[in-house]
Amino acid sequence: PAEPTNEGAMSMTAGDFLQVYTEPSQWDMVVTCFFLDTAKNVIEYIRRIHQILRPGGIWINHGPLLYHFEGSHDISIELSLEEVKHVIEAVGFRIKAESFSDCPYTQDQYSMLRTTYMANLMILEKS
């Protein structure tokens, strides 16, 4: 929004997520979109989100698991959704809600080309 509607703070920063967000218990909510699969180590991202949330904090995650490092020379940990959910719960989150939906990503309005992903939406609470 152009003008904040409350006294809350919001942060959106370019850079390495693990280097930028380090302060424990700083945020009441974290929202990630098409984000987890950008991690070389998705477990580190989940742990960091848990660390920066205050007790009872909410994490909303939306997106597919496309993983961007497949076929590259970089080593990456690429977990399935079921494995990601296991890590999420082991780290200390409780899954409050989950759904799946088709999520349009790109489209050429002059042709029949369209990319749509099956996206997962999870609402998680820090225990």
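1. Lys-85, by contrast, counts as buried at 13% relative accessibility. Please keep in mind that this is a predicted model.

2. Glu-82 and Lys-85 both belong to helix α3 (residues 81–91), where a spacing of 3 residues separates them by about one helical turn.

3. Arg-94 and Glu-125 form a salt bridge, with the closest N and O atoms 2.6 Å apart. Arg-94 sits in β3 and Glu-125 in β4, so this contact ties together parts 31 residues apart in sequence. Shared partners also link Glu-82, Lys-85 and Glu-98 into one salt-bridge network.

4. In total, the structure holds 4 salt bridges. One of them brings Arg-54 and Asp-28 together at 3.0 Å, N to O. Because Arg-54 lies in strand β2 (residues 53–63) and Asp-28 in strand β1 (residues 27–33), the pair ties together parts 26 residues apart in sequence. Arg-54 is partly exposed at 33%, while Asp-28 is exposed at 51%.

5. Finally, the cysteines: a search of the whole structure finds 0 disulfides. The sulfur of Cys-33 has its closest cysteine sulfur in Cys-103, and at 6.6 Å that is too far for a bond. Cys-33 is exposed, at 51% relative accessible area, whereas Cys-103 is buried, at 13%.

Note on methods: Residues are numbered from 1 along each chain as its sequence is written. This is a predicted model: local features need pLDDT of at least 70, side-chain atom pairs count only at pLDDT 80 or more; totals for chains, interfaces and linings use all residues. Side-chain values use heavy atoms; hydrogens and water are left out. A disulfide is a pair of cysteine sulfur atoms within 2.5 Å. Buried means under 20% relative accessible area, exposed over 50%, partly exposed in between (1.4 Å probe, protein chains only). A salt bridge is a side-chain nitrogen of Lys or Arg within 4 Å of a carboxyl oxygen of Asp or Glu. Helices (H or I, at least four residues) and strands (E, at least two) are DSSP runs, numbered from the N terminus.
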